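Reader: I have a model open and would like to go through it. Can we start with the helices?

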Amino acid sequence: MIVVLRAGAPEADVERVKEVIEGQGLRTRVVVGEVKTIVCVLGVSDRDSLARLIEPLPGVEQILTVLHPFKLASRELHPEDTVVTVGGRTIGAGELAVIAGPCAVESEEMLLEVAETVREAGAHFLRGAIFKPRTSPYSFQGLKERGLEILARVRERTGLAIVTEVTSVVDVPMAAQYVDVIQVGARNMQNYPLLETVGRFSRPVLLKRGMMASIEEWLMSAEYVLDAGNPAVILCERGIRTFETYTRNTLDLSAVPVVKRLSHLPIIVDPSHAAGDRHYVTALAKAAVACGADGLMVEVHPDPSRALSDGKQSLDLEGFRRLMAEVTMLSKMLRTPA
Ligand code: PEP
Ligand code: MN
């Protein structure tokens with residue numbers, strides 16, 4: 001349930017509404033919009049009896065029922081788009097945000113080479129995993145903590161903002177000291193202790209869609225991060241598992257307009273993990289931009305044939321330059337009023 005207060009309602013009215021709701025053992029969250037202030041009720045309540053208590057309070061204009069199980073992530077509560085700011089750059093404000101880099105950090109030299117190339121090509125964010133969630137325990141598991149220092153030094157040298165995945169609650173405090181955006185991967189989308197933990201830090205969170213997750217389950221996971229106090233969530237569609245075998249996953253591009261309608265959170269698309277094959281990455285990236293994604297996450301490696309993980313889906317440096325030229329042109333075209 002959300003309580004909409006009249007435009008210009010004084011602070012005291014907002015406080016009174018909060019007091020009455022919290023007096024019923026519920027929690028509240030206040031969203032101050034450009035025109036109205038909204039108080040969101042969090043918790044399980046009997047709608048009608050609560051509404052009877054709130055209706056007569058000064059400043060109350062309307063009481064609405066949020067139709068979805070996600071509240072803080074819903075557009076009903078937060079009609080304006082959320083814009084996430086990272087190191088002076090924005091995600092969700094209209095400009096295409098491109099996160100590019102290797103699947104995993106393999107060495108400092110390799111990361112720096114990729115970073116310089118993607119920056120010159122127009123990317124503003126560098127990805128590179130150091131904790132690799134691998135299907136096999138015998139595959140390369142990442143450089144772990146040692147990789148954080150490499151990421152930080154490459155940021156220093158290139159000015160790119162760093163995005164890296166955390167796979168465990170215990171790694172969050174350390175990662176939060178080094179990186180600009182914390183990624184929660186597909187395999188951990190429903191790791192609720194991890195979501196609550198990243199929600200308590202001030203770093204933006206890139207939340208990938210689970211490979212078997214519905215859009216609603218994904219938004220409920222975002223809700224965990226928001227409810228823990230972190231408003232900076234960026235959603236990332238990375239393909240879901242279907243019966244199709246010619247691609248690693250099936251990129252669900254319909255998630256972009258669906259999420260844009262249901263939620264105020266920015267959404268980016270990862271065509272690399274969706275396709276699982278570099279031949280399809282640029283086409284899917286362009287499709288993502290065309291359907292309104294706020295950004296892209298793309299895997300890039302100087303020599304994909306020798307990559308320690310996900311080489312098959314990684315673009316080489318030249319391939320990434322071509323992708324950037326195409327998506328930049330498309331993105332500008334779509335933003336130029338006719
Ligand atoms: C990744 O981005 O490094 C990754 C492992 O992707 P996903 O969680 O989408 O599989
Ligand atoms: Mn990968």
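Reader: In which hand does α6 pass α7?
Author: The crossing of α6 with α7 is right-handed, that is, the near helix is turned clockwise from the far one by less than a right angle. This is a predicted model, where local features need pLDDT of at least 70, side-chain atom pairs count only at pLDDT 80 or more, and totals for chains, interfaces and linings use all residues. Residues are numbered from 1 along each chain as its sequence is written, and side-chain values use heavy atoms, without hydrogens and water.

Reader: Which residues make the contact?
Author: Tyr192, Leu195, Glu196, Val198 and Gly199 of α6 and Ser221, Tyr224 and Val225 of α7; contact means heavy atoms within 4.5 Å.

Reader: And by class, how do they divide?
Author: Into five nonpolar, two polar and one charged. Asp, Glu, Lys and Arg count as charged, Ala, Val, Leu, Ile, Met, Phe, Trp, Tyr, Cys and Pro as nonpolar, and the others, Gly among them, as polar.

Reader: Next, α10 and α11. In which hand do they cross?
Author: That crossing is right-handed.

Reader: What meets what there?
Author: Val281, Thr282, Ala285, Lys286, Val289 and Ala290 in α10 meet Leu323, Glu326, Val327, Leu330, Ser331 and Leu334 in α11. The contact of α10 with α11 has eight nonpolar, two polar and two charged residues.

Reader: Switching topic: which strand gives the most to the lining of the largest pocket?
Author: Strand β9 (residues 161-165), with three residues. Strands are DSSP runs of E with at least two residues, helices runs of H or I with at least four, numbered from the N terminus.

Reader: How does that lining divide by class?
Author: Five nonpolar, seven polar and nine charged residues.

Definitions and conventions. Chains are lettered from A and ligands numbered from 1 in the order in which they are written.
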